[in-house]
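Me: I would like to learn how to read a helical protein with a ligand. Could we go through one together?

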Amino acid sequence: MWDNFFFIGLPYIAILMFVGGIVYRSLSGIMSRYRAKWDLSVRGDYLWTTRSTGFFGRASIGPASLCLHWGLIILFISHLVGFIGGSYNFGSWIEFFKWAGLGGGIIFLYGALWALLRRIIIPQVKAMSTPDDYIVLLFLILIAALGLYQSAIEMVFGISFLAGPWMASIFKLQPDVSAIAGAPFINKLHIIVAFLFFAYFPFTKLVHFASYPFGYINRPFVSVRRRRTER
Ligand code: HEM
């Protein structure tokens, strides 16, 4: 029964909240003064942005932001490859997940720990931080730590052979928990916390991931420099 709840109910709730939450927030302006004025725009929703902290503690924003984002991108791609490999029994794809996931996980943890630390020790960054700045980092650090604990410390790998078919059953709308029910506890916890995180995602600054217009992704860097005044 618990397996049904956590591996059928929770994934569908999380997917609905993830997609529905992003659409609702982008149309309703819920966090802004445009609240309740339905519009195809998030203009004025200042909490949609990441509230850049790059003005302060510039030396640490580099390792934090670069490692965190590249780590996540590598992890996303390696999970995808692993799940497809697990569904079709491609051993080499799982091997790719193992090593790319390990590398991505370490890079990600390094960046995320930096990001958390700079929110705690740089006074200006601490002052501008809101609870969700900390909560999203703690969520992600916990998820990555559970994944790495299992693969790098317990040295258990190959759960994708169970997770792949189960994920495929979810997306085919024919949910079947028989495979994932046999996964180790740590891996189940990893997946459950990840789904809780995805359900929470649209209500945090991470919603910037779905930014429209998409020019946001390749817009020029915002350069923050010290202004030298001529005497
Ligand atoms: C619903 C989403 C997710 C699912 C279903 C999932 C599932 C899995 C599974 C099954 C493994 C073990 C692979 C194996 O033994 O073959 C794994 C490993 C891992 N996951 Fe996730 N995961 C999810 C989200 C995340 C997220 C958001 C992160 C990052 C914060 C993450 C980070 C990791 C890491 C670092 C590993 C270890 C990789 C390695 O050492 O090779 N996962 N995940």
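The dialogue below takes up the fold, the helix packing, the ligand shell and a few loop residues.

Me: What should I know about the model and its numbering?

Reply: The model is predicted, so local features need pLDDT of at least 70 and side-chain atom pairs count only at pLDDT 80 or more, while totals for chains, interfaces and linings use all residues. Residues are numbered from 1 along each chain as its sequence is written.

Me: How many helices and strands does the secondary structure come to?

Reply: Elements are DSSP runs numbered from the N terminus, with helices being H or I over at least four residues and strands being E over at least two. Here the protein has eight helices and zero strands.

Me: Which share of the residues is buried?

Reply: A residue is buried if 20 or more other C-beta atoms, placed from the backbone, lie within 10 Å of its own, exposed if 12 or fewer do, and partly exposed in between. Of the 231 residues in this protein, 26% are buried. As for contacts (C-beta atoms, placed from the backbone, within 7 Å), 69% of those between residues at least 6 apart in sequence join residues at least 24 apart.

Me: How do I read a pair of packed helices?

Reply: Two packed helices are described by the angle between their axes and the distance between the axes. The axes are lines fitted to C-alpha atoms, for helices over the stretch in contact, and angles run from 0 to 180 degrees between N-to-C directions. Take α1 (residues 2-28) and α7, which pack at about 25° with axes 7 Å apart. That angle makes α1 roughly parallel to α7; the label covers angles under 35 degrees, with over 145 roughly antiparallel, 65 to 115 roughly perpendicular and the rest oblique.

Me: Which residues of α1 and α7 meet?

Reply: F6, L10, P11, I13, A14, M17 and F18 in α1 meet I192, F195, F198 and A199 in α7. By class, this contact has eleven nonpolar, no polar and no charged residues. Nonpolar means Ala, Val, Leu, Ile, Met, Phe, Trp, Tyr, Cys and Pro; charged means Asp, Glu, Lys and Arg; the others, Gly among them, are polar.

Me: At what angle do α2 and α6 pack?

Reply: Their angle is about 90°, and their axes are 7 Å apart. That makes α2 roughly perpendicular to α6. In this contact there are seven nonpolar, six polar and no charged residues. Among those that meet are G82 and G86 in α2 and F161 and G164 in α6.

Me: Which residues come nearest to the ligand?

Reply: Being near a molecule takes a C-beta atom, placed from the backbone, within 6 Å of it. Of the 26 residues around the ligand, G101, G105, G147, S151 and I159 come nearest. Helices α2 (58-88), α3 (91-121), α5 (131-153), α6 (160-171) and α7 (185-200) each supply at least two residues of the shell. The largest share, seven residues, comes from α5. By class, the shell has 15 nonpolar residues, ten polar and one charged.

Me: Where does F90 lie?

Reply: F90 lies in the loop between α2 and α3. It counts as partly exposed because it has 16 C-beta neighbours inside 10 Å. F90 and F161 are 71 residues apart in sequence and 9.1 Å apart in space, C-alpha to C-alpha.

Methods: Contact = placed C-beta atoms within 7 Å.
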